Amino acid sequence: MNTTTEILITSILLLGGTMLLIGSIGLARLPDFYTRLHAPTKATTLGIGSIALASMLDFGLNLDTLTFKEPVIALFLLITAPVTAHMLSKSALHHQLNPVRRTQNQALLERARAQEPPEPSTPQD
């Protein structure tokens with residue numbers, strides 16, 4: 001492996017580590033549940049994706065083979081992180097967790113809480 005590819009892989013690893021650190025700090029420091037939910041889903045997904053990309057490049061360039069583990073891991077994260085965040089935020093919404101005072105569009109929050117779930121469908125005879 002030459003110096004250019006080592007610098008490229010190291011840069012991608014540093015980017016991923018920095019994004020993971022930012023997501024972790026956001027999880028610990030942001031003021032309410034809704035904003036705390038945002039930090040790990042966005043920043044850490046990008047961080048893990050960067051680390052998986054660096055791993056794929058390293059194995060691909062060193063072993064001259066393609067591995068499919070890293071793309072599958074990245075795809076799994078890209079699919080599950082937004083779904084999990086949506087489910088957690090809907091649960092928090094219905095458990096009446098209040099956002100911080102300066103959150104915009106708080107009238108929409110009350111409107112979303114007032115919505116009823118759809119009626120279950122009846123089987124057709």
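Which residues does UniProt list for "transmembrane region"?

1. The unreviewed UniProt entry lists residues 12-31 and 73-93 under that name; such annotations may be inferred rather than shown by experiment. The model is predicted, so to speak of local features requires pLDDT of at least 70 and side-chain atom pairs count only at pLDDT 80 or more, while totals for chains, interfaces and linings use all residues. Residues are numbered from 1 along each chain, and side-chain values use heavy atoms, without hydrogens and water.

2. In residues 12-31 the end C-alpha atoms are 30 Å apart, with 90% helix and 0% strand. For residues 73-93 the end C-alpha atoms are also 30 Å apart, with 100% helix and 0% strand. Helices here are DSSP runs (H or I, at least four residues), and strands are runs of E of at least two.

3. Helix 2 (residues 33-63) and helix 3 (residues 69-94) have axes that come within 9 Å and cross at roughly 175 degrees. That makes the two helices roughly antiparallel (an angle over 145 degrees). Residues in contact (heavy atoms within 4.5 Å) include Phe33, Ile48 and Phe59 of helix 2 and Glu70, Leu78 and Leu93 of helix 3. The contact residues divide into 15 nonpolar, four polar and one charged.

4. Glu70, Ala81, Ala85, Ala92 and Leu93 of helix 3 are buried (under 20% relative accessible area, 1.4 Å probe, protein chains only). Their cover includes helix 2 and helix 4 (106-114).

5. The 26 residues of helix 3 should span 38 Å at 1.5 Å a residue, and the end C-alpha atoms, 37 Å apart, agree with this. Just after helix 3, Gln96 has a positive phi of about 60 degrees.

Methods
Axes fitted to C-alpha atoms, helices over the stretch in contact; angles between N-to-C directions. Parallel < 35°, antiparallel > 145°, perpendicular 65-115°, else oblique. Nonpolar A, V, L, I, M, F, W, Y, C, P; charged D, E, K, R; others polar. Expected span 1.5 Å × (residues − 1). Buried < 20%, exposed > 50% of the residue type's maximum accessible area, 1.4 Å probe, protein only.
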